[in-house]
Amino acid sequence: MKNHNCKECLIKSAAAKNLNNEEFEILESNSVQVSFKKGEVIFKQDALSLNVAYLKTGLVKVHMRGPVREKILRVVRAPTYLGIPTTFGDKINQFSATALEDTSVCFIDTNGKFAYEIIVELCKNELFDYQKYVSMSQKQIPGMVAETLLCMSDRIFENSRFNFPLTRGEVGDLIGTSRESVSRVLTDLSNEKIIEMNGSEISILNKELLIQISEKG
DNA sequence: GCATTAACCACAG
DNA sequence: CTGTGGTTAATGC
């Protein structure tokens with residue numbers, strides 16, 4: 001935790017861009033910035049709410065405990081809000097967030113000025129999740145893995161080569177399959193020279209084919 | 001039936 | 001944690 005200056009923040013949220021000086025003072029006195037190391041829990045399911053978390057830098061997985069195992073709901077890159085972890089009315093988190101990289105987060109005591117931005121964020125998430133669940137229910141595993149790789153490459157890292165932030169097991173939790181299946185698909189893709197793996201580093205060699213696989217399912 | 005897909009188990013590195 | 005092989009269950013042709 002450290003002192004911070006929301007007005008001078010270079011990674012201001014869209015909501016914060018509309019605030020006046022007085023409102024910035026309110027924001028600063030009602031928020032706190034915290035750093036997290038890779039693997040640290042930012043907020044935890046079943047714990048009391050820490051209000052809204054704004055992911056300033058880093059990469060985070062948002063996940064929920066399922067009847068059998070943990071399910072990764074999404075993987076998000078800064079800057080973004082981490083959603084509203086509680087239901088209205090209670091203050092118990094319904095899901096968790098864990099840092100996949102070193103990360104800094106601002107916890108904000110919610111006030112009216114942020115409501116609009118938060119709603120926009122929630123709508124985007126809802127749409128994104130609907131699309132994801134449609135995909136998941138209709139595609140086979142290679143399609144889902146391909147889609148995940150493309151998503152990482154295009155949306156998270158914006159690079160065809162990147163350091164894969166998830167373990168095989170976590171990819172399984174994300175797309176709803178077993179770690180073994182993820183393993184096998186990845187080695188298949190590697191054997192077919194569609195991707196290249198070096199430890200945790202992954203390069204996409206044949207993006208067109210990968211897109212085909214992700215679309216065909 | 002036979003083939004395919006994928007989950008579960010187990011063991012090795 | 002990861003990779004692999006054997007086994008099993010469900011599904012499709």
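How do the residues of the surface near DNA strand B divide into nonpolar, polar and charged? In this predicted model, the residues of that surface comprise two nonpolar, four polar and four charged ones.

## The surface near DNA strand B

The residues that surround DNA strand B are R69, Q140, I141, P142, T177, S178, R179, E180, S181 and R184. Helix 5 contributes the largest share of this surface, four residues, and both helix 3 and helix 5 supply at least two residues each. Among the atoms of DNA strand B that lie within 4 Å of the protein, 65% are sugar or phosphate atoms, and the rest belong to bases.

The side chain of S181 places an N or O atom 2.4 Å from a phosphate oxygen of DNA strand B, while in the side chain of T177 an N or O atom is 2.7 Å from a phosphate oxygen of DNA strand B. For I141 the approach is made by the backbone, one of whose N or O atoms lies 3.0 Å from a phosphate oxygen of DNA strand B.

## The surface near DNA strand C

Around DNA strand C are the residues T167, R168, G169, R179, E180, S183, R184 and T187. Of the atoms of DNA strand C that come within 4 Å of the protein, 50% are accounted for by sugar and phosphate. By class, this surface has four polar and four charged residues, with no nonpolar residue.

A base oxygen of DNA strand C is 3.1 Å from an N or O atom in the side chain of R179. Phosphate oxygens of DNA strand C are approached by a polar side-chain atom of S183, at 2.6 Å, and by a polar backbone atom of R168, at 2.8 Å. Helix 4 and helix 5 are the elements that give two or more residues to this surface, and helix 5 gives the most, with five residues.

The buried residues are E170, V171, G172, D173, L174 and I175. Just after helix 4, the backbone at G176 takes a positive phi of about 80°.

## The largest pocket

The largest pocket has a volume of about 850 Å³ and is lined by 33 residues, with R74, V75, V76, F128 and R155 lying nearest its centre. The elements that each supply at least two residues of the lining are strand 5, strand 6 (80-81), helix 2, helix 3 and helix 4. The lining residues divide into 17 nonpolar, six polar and ten charged.

Q45 is placed in the loop between strand 2 (41-43) and strand 3 (52-57). Is this residue, Q45, buried or exposed? Q45 counts as buried because its relative accessibility is 12%, which is under the 20% limit for that class. Beyond its neighbours within four places in sequence, Q45 is in contact with H63, M64, R65, N93, Q94, F95 and S96. With R65 there is also a polar approach, as the backbone nitrogen of R65 lies 2.9 Å from a polar atom of the side chain of Q45. The C-alpha atoms of Q45 and I92 are 7.3 Å apart in space, although these residues are 47 residues apart in sequence.

N20 is placed in the segment before helix 1 (21-29). With a relative accessibility of 38%, N20 counts as partly exposed, because that class holds the values between 20% and 50%. Between the C-alpha atoms of N20 and S181 the separation is 52 Å, and along the chain these two residues are 161 residues apart. S181 is one of the residues that surround DNA strand B.

Key: Residues are numbered from 1 along each chain as its sequence is written. Chains are lettered from A and ligands numbered from 1 in the order in which they are written. This is a predicted model: local features need pLDDT of at least 70, side-chain atom pairs count only at pLDDT 80 or more; totals for chains, interfaces and linings use all residues. Side-chain values use heavy atoms; hydrogens and water are left out. Buried means under 20% relative accessible area, exposed over 50%, partly exposed in between (1.4 Å probe, protein chains only). A residue is near a molecule or strand if one of its heavy atoms lies within 4 Å of it. A polar contact is a pair of N or O atoms within 3.5 Å; within protein, one must be able to donate a hydrogen and the other to accept it, and residues adjacent in sequence count only if both atoms are side-chain atoms. Ala, Val, Leu, Ile, Met, Phe, Trp, Tyr, Cys and Pro count as nonpolar, Asp, Glu, Lys and Arg as charged, and the others, Gly among them, as polar. On a 1 Å grid over the protein atoms alone, a cavity is a set of points where a 1.4 Å probe fits but cannot get out, and a pocket is an open set with protein on both sides within 12 Å along at least five of seven lines; lining residues have an atom within 4 Å of a point. Grid points are joined across faces, edges and corners, and a volume is the space filled by probe spheres set on the points. Contact means heavy atoms within 4.5 Å.
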